[in-house]
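Me: I'd like to get to know this protein by asking about it piece by piece. Shall we take a look?

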Amino acid sequence: MRFGRVEGVVTPIGDGEGARLRLTVYLETGSRLEVVREETVRPLRPLFTAEDLIWHADQLTQETIGTDLAERGWEAIGAGPVPEAEAGALARSASYAVRNLG
């Protein structure tokens with residue numbers, strides 16, 4: 001059994017109706033850090049505040065765990081708190097503990 005930690009970050013690209021998000025989701029396992037998803041996506045809801053960006057980072061990270069990582073045998077076993085918005089900081093998800101039984 002292996003254990004790891006998953007976290008995602010989003011960066012806004014553009015604004016208004018044409019706004020997109022640059023998503024990067026990382027899997028950390030011991031001394032290895034792997035990008036498991038990196039793409040530009042459409043927002044799921046309007047982006048009015050930093051909290052909206054954090055919400056997107058968290059939702060898209062959960063989606064990645066439930067699809068991309070699940071296909072590779074990983075499952076979430078715990079989560080930290082969703083971070084609060086900080087001026088100048090990246091919008092990031094909660095930190096998710098994951099395990100792989102394979």
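Me: Let's start with glycine 66: is it buried or exposed?

Reply: First, this is a predicted model, where local features need pLDDT of at least 70, side-chain atom pairs count only at pLDDT 80 or more, and totals for chains, interfaces and linings use all residues. Residues are numbered from 1 along each chain as its sequence is written, and side-chain values use heavy atoms, with hydrogens and water left out. Buried means under 20% relative accessible area, exposed means over 50%, and partly exposed is in between (1.4 Å probe, protein chains only). Glycine 66 has a relative accessible area of 52%, so the label is exposed.

Me: And which helix is glycine 66 found in?

Reply: Helices (H or I, at least four residues) and strands (E, at least two) are DSSP runs, numbered from the N terminus. Glycine 66 is part of helix H1.

Me: Now glycine 88: where does that one sit, and is it buried or exposed?

Reply: Glycine 88 belongs to the loop between strand E4 (74–79) and E5. Its relative accessibility is 88%, so glycine 88 counts as exposed.

Me: How far apart in space are glycine 66 and glycine 88?

Reply: Along the sequence, 22 residues separate glycine 66 from glycine 88. Going C-alpha to C-alpha through space, the gap between them is 29 Å.

Me: On to the strands: how many bridges join E1 to strand E2?

Reply: Two strands pair if DSSP finds at least two bridges between them. E1 covers residues 2–13 and E2 covers residues 20–29. The number of bridges joining E1 to E2 is nine.

Me: Which residue takes a positive phi in the hairpin of E1 and E2?

Reply: That hairpin has six residues between the strands. The positive phi is near 75°, and the residue that takes it is glycine 14.

Me: What about the hairpin of E2 and E3, which residue takes a positive phi there?

Reply: E3 (residues 32–41) pairs with E2 in the antiparallel sense over nine bridges, and arginine 22 stands opposite threonine 40 in E3. Their hairpin has two residues between the strands, and the positive phi, near 65°, belongs to glycine 30.

Me: What is the bridge partner of arginine 2 in E6?

Reply: E1 pairs with E6 (residues 96–100) in the antiparallel sense over five bridges. In E6, phenylalanine 3 stands opposite arginine 99. Arginine 2 has as its bridge partner asparagine 100.

Me: Which residue of E6 stands opposite alanine 76?

Reply: E4 and E6 also pair in the antiparallel sense, over five bridges. E6 has an uncovered face, Ala97 and Arg99, and a covered one, Tyr96, Val98 and Asn100. The residue opposite alanine 76 is valine 98.

Me: Which residue lies over the face of tryptophan 55?

Reply: A charge sits over a ring if NZ of Lys or CZ of Arg is within 6 Å of the ring centre and within 35 degrees of the ring normal. Here the distance from the ring centre is 4.1 Å, and the residue is arginine 45.

Me: What volume does the largest pocket have?

Reply: On a 1 Å grid over the protein atoms alone, a pocket is an open set of points where a 1.4 Å probe fits, with protein on both sides within 12 Å along at least five of seven lines, and lining residues have an atom within 4 Å of a point. Grid points are joined across faces, edges and corners, and a volume is the space filled by probe spheres set on the points. The lining includes Gly14, Arg45 and Leu53. The volume comes to about 210 Å³.

Me: How many residues in the lining of the largest pocket are charged?

Reply: Ala, Val, Leu, Ile, Met, Phe, Trp, Tyr, Cys and Pro count as nonpolar, Asp, Glu, Lys and Arg as charged, and the others, Gly among them, as polar. The lining has six nonpolar and two polar residues, and the charged ones number four.
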